[in-house]
Amino acid sequence: MREITKDEEERVRFAVFAIEAAAAKSGIPAWELYARLERLDLVRRRLFEDYPMLHTQGRDYIADDLLETLANWEAAARQKGGGA
């Protein structure tokens, strides 16, 4: 079994923080927000890959950014007929 690197651990902690902040701000359960993000691969594509930039921002910015990104990607998926 491969060991988790410190960077991977920090990205996971950040993702949990971001999801909890966005869920609290939107008033939906964190598990529901996580499921919606996972359907669009946004945990990896937004939170993990954009971690270097996002983790330097404040809680409100991160929550707003994540919710806006999710709304935009869900709308795009609906337009393509992907249903999100």
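Let's start with Phe14, which is buried at a relative accessible area of 7% (buried is under 20%, exposed over 50% and partly exposed in between, using a 1.4 Å probe and protein chains only). This is a predicted model, where local features need pLDDT of at least 70 and side-chain atom pairs count only at pLDDT 80 or more, while totals for chains, interfaces and linings use all residues. Residues are numbered from 1 along each chain as its sequence is written, and side-chain values use heavy atoms, leaving out hydrogens and water.

Now for the partners. Rings of Phe, Tyr and Trp (its six-membered ring) pair if their centres lie within 6.5 Å; planes under 30 degrees apart are stacked, over 60 edge-to-face, and the rest tilted. That rule gives two aromatic pairs here. In one of them, Phe14 and Phe17 have ring centres 6.5 Å apart and planes at 40°, so this pair is tilted. Both residues sit in helix H1 (residues 6–26), three residues apart, or about one turn of the helix; helices are DSSP runs of H or I with at least four residues, numbered from the N terminus. Phe17 is partly exposed, with a relative accessible area of 31%.

Phe14 also pairs with Tyr51: their ring centres are 5.4 Å apart and the planes stand at 70°, so this one is edge-to-face. Tyr51 belongs to helix H4 (residues 51–54) and Phe14 to helix H1, so the pair ties together parts 37 residues apart in sequence. Tyr51 is buried, at 10% relative accessible area. Put together, ring pairs link Phe14, Phe17 and Tyr51 into a cluster.

Key:
Helices (H or I, at least four residues) and strands (E, at least two) are DSSP runs, numbered from the N terminus.
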